[in-house]
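Q: I'm new to this structure and would like a close look at one part of it. Could you take me through the pocket and then show me how the rest fits around it?

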Amino acid sequence: MDYKDVAARRRAVNFFDIDRDVPDSLLREMVELAALAPSGFNLQPWNLMVLRKPEEKARLQKLAWNQPKVSEAPVTLIVLADKSAWQEDSPNWQAVWNDMKLPPERRDWFAGACKALYAWCPAASLAFAVKNAAFFAMALMYSATALGLDSHPMDGFDHEAVRKEFSIPNTYWIPLLLAVGYLRPGTQIAPAKRRRGYDEIVTRFERD
């Protein structure tokens with residue numbers, strides 16, 4: 001399946017086969033393929049919580065507008081955006097620094113560059129985390145499609161209630177939930193919805 005096929009086939013599936021599981025090996029392959037997504041300074045400010053147990057998914061479903069797919073999908077992921085991944089004491093930052101193999105005297109430069117980019121205003125750390133985690137989340141969906149899986153992203157949930165219910169530290173923002181599995185047999189997929197074309201997307205702004 002080439003990229004055009006993957007992009008065209010990927011759909012937000014509402015109905016999952018409750019009798020067909022996603023093997024751990026396939027889930028691992030999906031996540032590691034998605035982890036090839038780009039990120040600022042390669043800091044990869046994303047994590048996942050993998051929910052498989054019915055009781056865990058039921059707890060999440062109650063906080064996610066009671067959407068049945070949260071529980072029906074064999075795997076539901078809580079996507080986490082790490083607002084602190086740019087900080088010098090973060091494991092992400094340390095891993096990138098070690099990988100760069102720069103002279104020790106350049107450490108302050110790298111720390112300063114990260115701070116200048118991702119802490120220049122109160123919203124910058126959140127923007128940094130969410131936009132990079134969104135790259136990863138989209139890659140998860142395309143990777144799922146490429147591997148024969150189906151998925152559905154969800155932003156209909158109570159952010160703070162989910163964070164508290166699953167003891168998620170405040171350093172993380174939750175951009176979305178992602179249900180992963182296989183389409184329920186016999187389910188008809190509606191035609192793809194209209195997408196904006198090139199001429200509608202490209203714009204510019206003139207000075208007064």
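**A look at the pocket and its surroundings**

A: Happy to! In this predicted model, the largest pocket has a volume of about 480 Å³. Its lining is made of 19 residues, and Arg11, Ala12, Ile189, Ala190 and Lys193 are the closest to the pocket's centre. Two elements, α1 (3-9) and α7, each give two or more residues to that lining. Sorted by class, the lining holds 12 nonpolar, three polar and four charged residues.

Now let's step back to the whole protein. Nine helices and four strands are present, and from the N terminus on they follow the order α-α-β-α-α-β-α-α-α-β-α-β-α. The C-alpha trace spans about 60 × 45 × 35 Å along its principal axes. The protein has 208 residues, of which 40% count as buried. If you take the contacts between residues at least 6 apart in sequence, 76% of them join residues at least 24 apart.

The largest nonpolar core has 32 residues, and Met30, Leu43 and Leu149 are the ones that touch the most other members. At least two residues of this core come from each of α2 (24-34), β2 (75-82), α5 (91-100), α6 (107-118), α7 (124-146) and β4 (172-181). With eight residues, α7 supplies the largest share. Apart from this core lies another one of 18 residues, including Ile78, Ile168, Tyr172 and Ile174.

Leaving aside residues up to four places away in sequence, Leu43 touches Ala85, Trp86, Asn92, Trp93, Val96, Cys114, Tyr118 and Phe128.

Next, follow β2, a strand that is mostly covered, with eight of its eight residues buried. In a regular strand the side chains alternate between the two faces of the sheet. In β2 both faces are covered: Val75, Leu77, Val79 and Ala81 are buried on one side, while Thr76, Ile78, Leu80 and Asp82 are buried on the other. This strand also has partners. β1 and β2 run antiparallel and are joined by six bridges, with Leu48 standing opposite Val79 of β2. β2 also pairs with β4 in the antiparallel sense, over seven bridges. There, Ile78 has Leu177 in β4 as its bridge partner. Ile78 is also among the residues of the 18-residue core.

Most residues other than glycine have a negative phi. Phe41, however, has a positive phi near 55 degrees without being a glycine. Phe41 sits in the loop between α2 and β1 (46-51), and counts as partly exposed because its relative accessibility is 29%. Ser167 also has a positive phi, of about 55 degrees, and is not a glycine either. Its place is in the loop between α8 (159-165) and β4. Ser167 counts as exposed because its relative accessibility is 65%, and the cut-off for exposed is over 50%.

How values were computed
Residues are numbered from 1 along each chain as its sequence is written. This is a predicted model: local features need pLDDT of at least 70, side-chain atom pairs count only at pLDDT 80 or more; totals for chains, interfaces and linings use all residues. Side-chain values use heavy atoms; hydrogens and water are left out. A nonpolar core is a set of buried Ala, Val, Leu, Ile, Met, Phe, Trp, Tyr and Cys residues joined through side-chain atoms within 4.5 Å. Buried means under 20% relative accessible area, exposed over 50%, partly exposed in between (1.4 Å probe, protein chains only). Contact means heavy atoms within 4.5 Å. On a 1 Å grid over the protein atoms alone, a cavity is a set of points where a 1.4 Å probe fits but cannot get out, and a pocket is an open set with protein on both sides within 12 Å along at least five of seven lines; lining residues have an atom within 4 Å of a point. Grid points are joined across faces, edges and corners, and a volume is the space filled by probe spheres set on the points. Ala, Val, Leu, Ile, Met, Phe, Trp, Tyr, Cys and Pro count as nonpolar, Asp, Glu, Lys and Arg as charged, and the others, Gly among them, as polar. Two strands pair if DSSP finds at least two bridges between them.
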